[in-house]
Amino acid sequence: MGPRGTGRFSLEDKRALVTGASRGLGEAIAVGLAEAGAHVAVAGRSRSDLERVAGRIRDLGRRSVVVQADVTRVQDVQRMVEEAEERLGPLHILVNNAGINLPRPALEVTEEEWDLVLDTNLKGLFFAAQAAGRRMVERRYGRIVNMASQMGFVGFYFRAAYCASKAGVVNLTRVLAVEWAPYGVTVNAVAPTFVETPMTRGMLEDPWFREEVLRRIPLGRLADPQDVVDAVRYLASDAAAMVTGHTLLVDGGWVAW
C-alpha cells in the first residue's frame, strides 16, 4: 500500500470516479486514488476486469463500486455519473481516463477510425465532465482531471486522430476551467509521454519504435504508471487548489526540445 499523504495532499474520504479503469493507467490511477484515501467508482466496459480493480480498492479499506459504461454513448456517460453518485455518494473527483489509439498513416485513416478515436478521447470526456460538472458546480466544489497526452502538444507518426483528440483535450480543459472556476471547480489535465501499458506494449516491443521514442525523451526512459498516478493525485487534491486550466506534462522533457 502506498502512502495516503497528509494535509492538503490527502484524499481521505473523497469520492472519485475514474473512467477507463479496467486496466493499464486507469487501473493504476483508481488504485492510486484509493491509496491516498479516496473511495472510488470504477467505470469501463469489462465488468470482470472492473470487479478485479474494485476488489483491489476494497482490499485497501476503501469503498468501490463498478459502473459499466461506453463513453462513446452520451446516454451511457450520463447514467454512469448518476449511478456512481447514487451508489458511492456525491463525487468530489472525476478522472477522465478512457482513451483509445488506432495508429494509422494519415492517408489511410477511415471515417470510422477517426470517429471512434475522437468520440472516445474527446466527446466522451466532454460529456463526462459536463455530467459531473453540473453536480460539482451546484455543490461549489470539484476536481476534474482529464487525461491528455504529450501528443496534444507535438506531432508524431501515424497519429492524426489521436494527436487531434488530445490537443482538443488540452484546450477543452482550459475552457471548462474558465467557466467553472467561479464555482470552486478546478479542471486540469495530465499529459504523459509513452507509458508501458497493455495499450502500448505491442508497439513498444518493436526495437526501432522503442529507440525512436527513447531518443526523444531527455530523461532517457519511458514513464512509469506511478509517475502519472502521482500527477493525478496532486491535481485531485487540495494541494492544487490554486491550479486550474493547466496541463501537467509528465513527459521526461520530450516537449522541452
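These legends describe close-up views of a predicted model. Local features need pLDDT of at least 70, side-chain atom pairs count only at pLDDT 80 or more, and totals for chains, interfaces and linings use all residues. Residues are numbered from 1 along each chain as its sequence is written, and side-chain values use heavy atoms, with hydrogens and water left out.

**View 1. An open sheet of seven strands.** The order is β3-β2-β1-β4-β5-β6-β7, and the pairing is parallel. Strands (E, at least two residues) and helices (H or I, at least four) are DSSP runs, numbered from the N terminus. Two strands pair if DSSP finds at least two bridges between them. β3 (64-68) and β7 (247-250) stand at the edges; each has a single partner strand, so one side of each lacks a neighbour in the sheet. From one strand to the next, the twist averages 15 degrees.

View 2. β1 spans residues 15-18. R15 and L17 on one side are buried, as are A16 and V18 on the other. Buried means under 20% relative accessible area (1.4 Å probe, protein chains only). Four bridges link β1 to β2 (residues 39-44) in the parallel sense. L17 has A41 as its bridge partner in β2. The chain passes from β1 through helix α1 (residues 24-35) to β2, a right-handed β-α-β crossover. Right-handed means that, with the strands pointing away from the viewer, the path from the first strand over the helix to the second runs clockwise. β1 also runs parallel to β4 (residues 93-96), joined by three bridges. There, V18 has V95 as its bridge partner.

**View 3. The β5-β6 pair.** β5 and β6 (residues 185-192) run parallel over six bridges. V145 is partnered by N188 of β6.

**View 4. Helices on the sheet.** α2 packs on the sheet and touches β2 and β3. Its direction makes about 165 degrees with that of β3. Helix α3 (residues 74-88) lies across β1, β2 and β3, at about 155 degrees to β3. Angles run from 0 to 180 degrees between N-to-C directions, with axes fitted to C-alpha atoms, for helices over the stretch in contact.

**View 5. The largest nonpolar core.** This core has 36 residues. A nonpolar core is a set of buried Ala, Val, Leu, Ile, Met, Phe, Trp, Tyr and Cys residues joined through side-chain atoms within 4.5 Å. L33, V40, V42, V190 and V232 have the most contacts inside the core. Beyond its neighbours within four places in sequence, V40 is in contact (heavy atoms within 4.5 Å) with residues including A16, V18, L33, I57 and L88.

Terms used. Buried means under 20% relative accessible area, exposed over 50%, partly exposed in between (1.4 Å probe, protein chains only).
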